[in-house]
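These are my notebook entries on one structure, kept in the order in which I looked things up.

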Amino acid sequence: MNIAVFASGKGSNFQAILNAAKKGFIKAPVRVLVCDNPHAAVIRKAKRGKVAVFLIERKHFSSQKEFERRIIETLIQEKIGLIVLAGFMRILSPAFVARFKNRILNIHPSLLPSFKGTAGIKEAFEYGVKITGVTVHFVDEKLDHGPIILQSPISLAGNESLFSLERKIHILEHTLYPRAIKLFVEGKLRIKGRRVTVARR
Ligand code: GRF
């Protein structure tokens with residue numbers, strides 16, 4: 001099963017996933033990076049890792065539909081079976097999500113359903129939570145909402161800073177995401193309504 005990672009930024013999760021696939025922990029190749037930002041550092045990481053880069057910028061298309069049509073063409077051409085969102089800063093339309101139903105994963109830097117949106121770490125920190133964490137979930141048509149695959153908590157230290165919390169979250173993401181992708185690739189995830197269970201074999 002070929003994997004496409006969608007990312008718009010730094011790409012530390014992209015790198016962790018690629019490393020896990022190269023080591024054989026994830027038994028599927030990362031075939032494609034889809035990126036919508038020409039300045040994203042993830043592009044360099046993909047090139048260095050010999051992953052095909054498809055830079056597809058929304059501004060070059062007259063509508064979201066046309067933009068997504070171009071992405072879909074790429075996914076079909078590259079025979080992609082799993083889409084992994086890793087800091088992709090665009091919301092995919094319900095039609096796109098429906099087309100790849102239960103084949104799109106996302107990672108979010110909080111314990112969902114708390115602190116949805118792009119500032120999850122900062123908002124949790126400013127709220128004063130004692131525990132936050134990371135969630136990997138299937139993508140549905142609502143933001144940061146689909147069935148949860150894995151979650152892992154982090155306790156905040158007494159002297160925690162936003163910076164140190166961000167670091168802890170990212171370190172956790174880099175192991176949690178590969179674990180969830182591995183389960184998907186091995187066909188071990190069962191979805192029943194909102195509940196995801198892991199088959200033993
Ligand atoms: C991660 O914190 C992820 O949870 C969020 O976007 C960030 C991407 O970071 N969805 P990176 O580009 O993988 O370093």
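This is a predicted model: local features need pLDDT of at least 70, side-chain atom pairs count only at pLDDT 80 or more; totals for chains, interfaces and linings use all residues.

Residues are numbered from 1 along each chain as its sequence is written, and side-chain values use heavy atoms, with hydrogens and water left out.

**Ligand**

For Glu173 I recorded 2.3 Å between an N or O atom of its side chain and an oxygen atom of the ligand.

**Pockets**

A pocket here is an open set of points on a 1 Å grid over the protein atoms alone, where a 1.4 Å probe fits, with protein on both sides within 12 Å along at least five of seven lines; lining residues have an atom within 4 Å of a point. A volume is the space filled by probe spheres set on the points, which are joined across faces, edges and corners.

The largest pocket has a volume of about 910 Å³. Its lining counts 37 residues, of which Gly87, Phe88, Met89, Asn106 and Ile107 are the closest to its centre. By class I noted 15 nonpolar, 13 polar and 9 charged residues in that lining, with Gly counted as polar and Pro as nonpolar. At least two lining residues come from each of helix 1 (12-22), strand 5 (104-108), helix 5 (120-127) and helix 6 (162-185); helices (H or I, at least four residues) and strands (E, at least two) are DSSP runs numbered from the N terminus.

The second largest pocket holds about 170 Å³, and helix 4 (residues 94-99) gives the most to its lining, with 3 residues. Its lining includes Phe138, Asp140 and Arg194, and the classes are 6 nonpolar, 1 polar and 4 charged.

**Helix 1**

Why is helix 1 largely enclosed by the rest of the structure? I found that 8 of its 11 residues are buried, buried being under 20% relative accessible area, exposed over 50% and partly exposed in between, for a 1.4 Å probe and protein chains only. The buried ones include Ser12 and Asn13, and the cover over them, by contact (heavy atoms within 4.5 Å), includes strand 1 (2-7), helix 2 (42-48) and helix 6.

**Backbone**

Most residues other than glycine have a negative phi, and most peptide bonds are trans. Against that, Lys50 has a positive phi of about 60° and sits in the loop between helix 2 and strand 3 (52-55), exposed at 74% relative accessible area. Lys79 has a positive phi of about 55° and is exposed too, at 65%. A cis peptide bond with omega of about 15° joins Leu112 and Pro113, the latter in the loop between strand 5 and helix 5.

Notes. A polar contact is a pair of N or O atoms within 3.5 Å; within protein, one must be able to donate a hydrogen and the other to accept it, and residues adjacent in sequence count only if both atoms are side-chain atoms.
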